[in-house]
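Here is a quick tour for someone meeting this structure for the first time.

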Amino acid sequence: MAVDEAELAQQGKDARQVLLQDIPWNQELWNDLIKRYHGAGLPHASLLLGNEGTGRRPLAFKMAKFLLCQAVDKKTAKNNDSCNQCHSCKLMNAGSHPDYFICDHEAKGKQIKIDTVRKLNDFLSKTPQISACQVVQVYPLEAMNPNASNALLKTLEEPSGESYLLLMAERLGTVLPTIRSRTQRINLQPPKTEQALAWLTQRLPNASAEDLALALRQCGGGPLKAERWLREGLLEQDATYITLMQKWLSGQQQLQDISKALSKYELSDTINWWTGLSLDIMKLGMGADATQISHPQQSEWIGQLVATVSKLKLLTLQNKLQEIAGRLASGQGNYNASLLIESLLLDWQQSFTQTPSTQTSSTQR
Ligand SMILES: [Zn+2]
């Protein structure tokens with residue numbers, strides 16, 4: 001339908017906009033990479049490591065565009081960025097460069113399969129068509145299944161021609177040690193809160209300062225993730241989660257009703273949110289103040305939970321949530337969402353000896 005197509009085209013355009021922008025807090029890292037490029041040269045394979053929203057993909061895109069740019073001269077050490085004018089740069093901006101290959105999963109929560117890595121290997125077996133080299137981007141590395149990882153490992157062991165591989169992951173622990181040892185690490189850090197909020201204000205001038213700060217906090221300080229959160233209305237989703245949890249723990253609503261309401265959302269979002277709330281309880285329990293948790297506006301309710309929590313039970317649940325989150329991120333989580341949520345809700349309820357009363361809705365958010 002025309003409307004859907006227009007919407008899809010807009011989404012594609014938005015996604016490209018994110019890639020094409022310069023991320024201010026990664027500038028120092030960029031300068032460092034340029035220095036390395038004109039010096040010893042960039043390695044065959046780099047591992048861009050950083051939390052979601054720190055700008056891994058824009059940085060990888062910037063690197064790729066620079067490496068492929070026809071105006072960049074390796075010897076003169078004059079170029080600090082791609083020219084944005086040449087044929088190669090124009091093709092990169094348009095998303096149709098023949099020497100650039102993106103290896104990713106079909107959808108969130110799906111694995112990267114061996115077929116995709118085979119296509120990557122086919123691509124690298126050819127010679128560059130326009131530029132002096134080829135660039136491959138792999139995202140997210142966590143989503144590779146074992147067969148795909150092994151196929152990628154072969155590529156890393158036997159680099160073919162002039163090529164660069166840019167691999168992206170969120171945590172080092174999720175990357176195979178054999179892949180780790182064959183790549184050079186590039187660590188991306190989230191910016192200082194002040195810089196992140198200034199950037200978010202520029203991106204979303206109509207959002208309230210309160211919402212920006214809240215989204216940033218819930219997204220672990222990753223501004224790009226916070227922007228996506230706000231654009232997709234996930235902050236409202238957070239308020240709904242809180243209400244549902246309060247209703248469940250105060251016995252105002254039945255297990256099946258709560259589970260049904262939670263199952264409407266993407267399972268990984270729900271699990272990540274739950275992990276965040278559980279961490280908040282632990283932090284407040286260990287003496288942190290409201291400004292140090294991801295739900296500062298709910299510190300009173302969370303404080304009530306802290307007072308009745310069984311630390312051991314909560315810790316067990318927390319481990320379970322993290323394990324599920326890990327499986328979902330690597331595309332292995334073949335769960336029945338409502339059954340899983342029901343069992344977690346029961347574990348959650350049992351983590352508290354007493355259930356606190358529900359706050360009135362006026363105090364939410
Ligand atoms: Zn160029």
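This is a predicted model: local features need pLDDT of at least 70, side-chain atom pairs count only at pLDDT 80 or more; totals for chains, interfaces and linings use all residues.

Residues are numbered from 1 along each chain as its sequence is written.

Let's stay with α4, which covers residues 87–94. Helices here are DSSP runs of H or I with at least four residues, strands are runs of E with at least two, and both are numbered from the N terminus. The table sorts some of the residues of α4 by burial: a residue is buried if 20 or more other C-beta atoms lie within 10 Å of its own, exposed if 12 or fewer, and partly exposed in between, with C-beta atoms placed from the backbone.

| Group in α4 | Residues |
|---|---|
| Buried | S88, C89 and M92 |
| Exposed, on the face turned away from the buried side | K90 and A94 |

Seen down the helix axis, the buried residues of α4 fall within an arc of 95° (taken from the directions from the axis to the C-beta atoms), so they line one face of the helix. An α-helix has 3.6 residues a turn, so residues three or four places apart point the same way. What do the buried residues of α4 pack against? They pack against α3 (56–68) and β2.

That brings us to the sheet. Five strands form an open, parallel sheet in the order β2-β3-β4-β1-β5, where two strands pair if DSSP finds at least two bridges between them. At the edges sit β2 (100–104) and β5 (184–187), each pairing on one side only. β2 pairs with β3 (residues 134–139) over five bridges, in the parallel sense. C103 has V138 in β3 as its bridge partner.

Elsewhere, D211 belongs to helix α9 (residues 209–218). D211 is partly exposed, with 18 other C-beta atoms within 10 Å. Neighbours within four places in sequence aside, D211 is in contact (C-beta atoms, placed from the backbone, within 7 Å) with L230 and L235.

Now for the whole chain. The protein chain holds 16 helices and five strands. Its C-alpha trace spans about 70 × 50 × 45 Å along the principal axes. Buried residues make up 33% of its 365 residues.

How values were computed. Two residues are in contact if their C-beta atoms, placed from the backbone, lie within 7 Å.
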